[in-house]
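I opened the model to look up sheets, helices and contacts. My entries follow in the order in which I worked.

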Amino acid sequence: MSAHTISTNPVKRLISVDRFLTFIRIFLVTMIVVGFLAFIWQQIDADNPFARWRNPGARGLTGDQFKGLIVSGLSQGSMYGLIALGYSMVYGVLGFINFAHGEVFMVGAMTGFIASDKFQANGMWESNFLLCLALIIVMAIFFSTFTAVVMERVAYRPLRSSPRLIPLITSIGVSFFIQNFVLGLFGPATKSYPRLPEWLSKQRSIFTFEIAGTRLLVLAVAAVSMTALWYFVERTKTGKAMRAVAEDKEIAALMGIDVNRTIVTTFAVGGAMAGVGGILWGLMFRSVTHMTGFLPGVKAFTAAVVGGIGNLGGAMAGGISLGSAESIAPLIILEPLGVPGVSQLKDAVAFTVLVLVLLFRPSGLFGERLSSEDRA
Amino acid sequence: MSSDNGSPKDVTALLEFRQVNTHYGAVHILKDVDLAIYPGELVCLLGGNASGKSTTLKTLLGMVTPTSGEVVLDGEVVNNKPTSYRVVNGVTMVPENRRLFKRLSVKENLELGAYLRNDKEGIAEDLEKIYGLFPRVKERLSQKSGTLSGGEQQMVAIGRALMSRPRVLLMDEPSMGLAPALVQQNFELIQQIHSDGVAIFMVEQNANMALSIADRGWVLQTGRVVLDDTAEALLANPELRASYLGEG
């Protein structure tokens, strides 16, 4: 009834908002195109007029440097992807963003530190590394899964029938709780993971790529975990039930699927992936604190949105795209434009990618258009 | 229950309501409803909007718990048993508007119908049976079910329900949203399933068509059963003709 009277105003306002968004779209695209063209010109002739104006002293990138950027982007991105899966799966079945998922990842990293520190103290880390690695991964999976499942049971299940904003806000509270719980248990000091044994971390040359063993390990473990997850979701009966619950809980129950148990499984599997991610993060960056979950969590959430939230392939692809963009874009777009201190701008790049995706393809790179009735 | 409503007298009802009342919050939906579905019957429930038809189905399936009265399955009171218990014991539903899992393939939809079964050979056998019933479905097994036409989706929805080997199939508005040409075909299909010995409990807007194939029927009005009779008697009932069959 009153819709008619309200309708004129928002339409008018929408036009000015649209103009602003169009301006941002044009600005970002122009920057990317100009930056990339400047990069190519700089690669061809490092002393061209544009480079002399914007980026004097530019030398361009060598092929090896470029390959290095790709490898570090991929390994960083595959960690984002592992965490992003949890955001995406929970969103798929419950329709809200579990902001405490970053803490599940942190719990995995912390578990890995405590265990590997003990292993190093008794010398097993050096003498039997692969066994240690397997053990810390299993322990991290256990504690992360446990955290995620308890979180669902205590914080989210009682809110199942409330509006989706409520569990979302709750998840921020859960996040603070876990951070401070871990702070209370282990203190604020930065914990450093033991060094990887030399035979594993040394540089290797694969297909002309010079890759640090650590990155190779990260890529391999991430690939195995993602394949296992894919198999679980696409090929097993429980995975099928999970996809059915994500689409229509009432009809899933009509098929005889235990919806509550399936939701717990979803949290558990997402938690396990975050646990593996936590270990890889620890091995890669070798430091962990109670705040470790925050930035990777936000980035992984970004990755999930970039890939199309609710879509598992999208979460992996989103993670890898985001990691690669973070690693490559500063040097091939920002540096040629003469932006100072580009290596500090990783985070800015990541969130700019998010803005770009939201501006041009709000449903994400691989997302389907969501009907308003089943998603908030 | 009156004795001349055409229901079999000396058999245990497969599924039964005894004086069922339900509430959504403070709103009283079903009021002292008595129903009984006997093995192998084809019965229908008629009623206008908001008369309580969907609630009846949800209560039969255990998605809504009655506030008083009993839901009885094979003589056992199942008020507090979950939906899965009823599915295992041969009750299932083809929901209104089909509600397929649109992002899952046709094959996966059918397999989910057999989610609670563990007999691999039986499942494979039933899949073959459904392919025989719906050759069109077999051609589209790996397609996402959301890409099928309305008629094909109806086939998959019925197939999915049959995969649980039901003894009674509840159908919520089976002809809703189907092209007129398909409605007739759909009713023939229902008769065919019925002739294989599956009891059918149909909730329909299309009263004329439904009564023409049913044995018995009920008319629900604001949550109360106002008529309970054989299909012929209902078809001849002047009151019903006036309100549901668009005459008078």
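**Entry 1: the antiparallel sheet of chain B**

I started with strand 1 (residues 15-21) of chain B, which is joined to strand 4 of chain B by four bridges, the two running antiparallel. Strands here are DSSP runs of E with at least two residues, helices are runs of H or I with at least four, and both are numbered from the N terminus. Two strands count as paired if DSSP finds at least two bridges between them. B:Leu15 has B:Ile37 in strand 4 of chain B as its bridge partner.

I then traced the whole sheet: it is open, has four strands in the order 4-1-6-7 (chain B), and its pairing is antiparallel. Strand 4 (33-37) and strand 7 (76-77) of chain B are the edge strands, each pairing on one side only.

**Entry 2: conventions**

I noted that this is a predicted model, in which local features need pLDDT of at least 70 and side-chain atom pairs count only at pLDDT 80 or more, while totals for chains, interfaces and linings use all residues. Residues are numbered from 1 along each chain as its sequence is written, and chains are lettered from A and ligands numbered from 1 in the order in which they are written.

**Entry 3: B:Ala13**

I looked up B:Ala13, which lies in the segment before strand 1 of chain B. Is B:Ala13 buried or exposed? It counts as buried because it has 21 C-beta neighbours inside 10 Å. The cut-offs are 20 or more other C-beta atoms within 10 Å for buried, 12 or fewer for exposed, and partly exposed in between, with C-beta atoms placed from the backbone.

Leaving aside neighbours within four places in sequence, B:Ala13 is in contact (C-beta atoms, placed from the backbone, within 7 Å) with B:Ala36, B:Ile37, B:Tyr38 and B:Val72. I also checked B:Tyr131, 118 residues away along the chain: its C-alpha atom is separated from that of B:Ala13 by 31 Å.

**Entry 4: the mixed sheet of chain B**

The next sheet is open, with six strands in the order 8-9-10-5-11-12 (chain B) and mixed pairing. Strand 8 (91-94) and strand 12 (224-230) of chain B are at the edges with a single partner strand each, so one side of each lacks a neighbour in the sheet. From one strand to the next the twist averages 20 degrees.

Strand 8 of chain B pairs with strand 9 (residues 168-172) of chain B in the parallel sense, over four bridges. B:Met93 has B:Leu170 as its bridge partner, and B:Thr92 stands opposite B:Leu169. Strand 8 of chain B is covered on both faces: B:Val91 and B:Met93 are buried on one side, B:Thr92 and B:Val94 on the other.

Helix 6 (residues 150-162) of chain B packs on it, touching strand 8 and strand 9 of chain B, and its direction makes about 175 degrees with that of strand 8 of chain B. Such angles run from 0 to 180 degrees between N-to-C directions, the axes being lines fitted to C-alpha atoms, for helices over the stretch in contact. Helix 7 (residues 180-195) of chain B lies across strand 5 (42-47), strand 9 and strand 10 (199-204) of chain B, at about 155 degrees to strand 10 of chain B.

**Entry 5: helix 13 of chain A**

Helix 13 (residues 294-307) of chain A has 14 residues. Eleven of its 14 residues are buried, among them A:Lys299, A:Phe301 and A:Val305. Which helices do these buried residues pack against? They pack against helix 3 (63-94), helix 4 (101-121), helix 12 (259-285), helix 14 (312-334) and helix 15 (346-360) of chain A. Just after helix 13 of chain A, A:Gly308 takes a positive phi of about 105 degrees.

A:Asp347 is in helix 15 of chain A. It counts as partly exposed because it has 13 C-beta neighbours inside 10 Å. A:Asp347 and A:Lys299 are 8.3 Å apart, C-alpha to C-alpha, and 48 residues apart in sequence.

**Entry 6: the contact between the chains**

Last, I looked up the contact, which takes 13 residues from chain A and 19 residues from chain B. On the chain A side, helix 10 (237-247) and helix 11 (249-254) each supply at least two residues. Helix 10 of chain A gives the most, with five residues.

How values were computed
Contact = placed C-beta atoms within 7 Å. Expected span 1.5 Å × (residues − 1).
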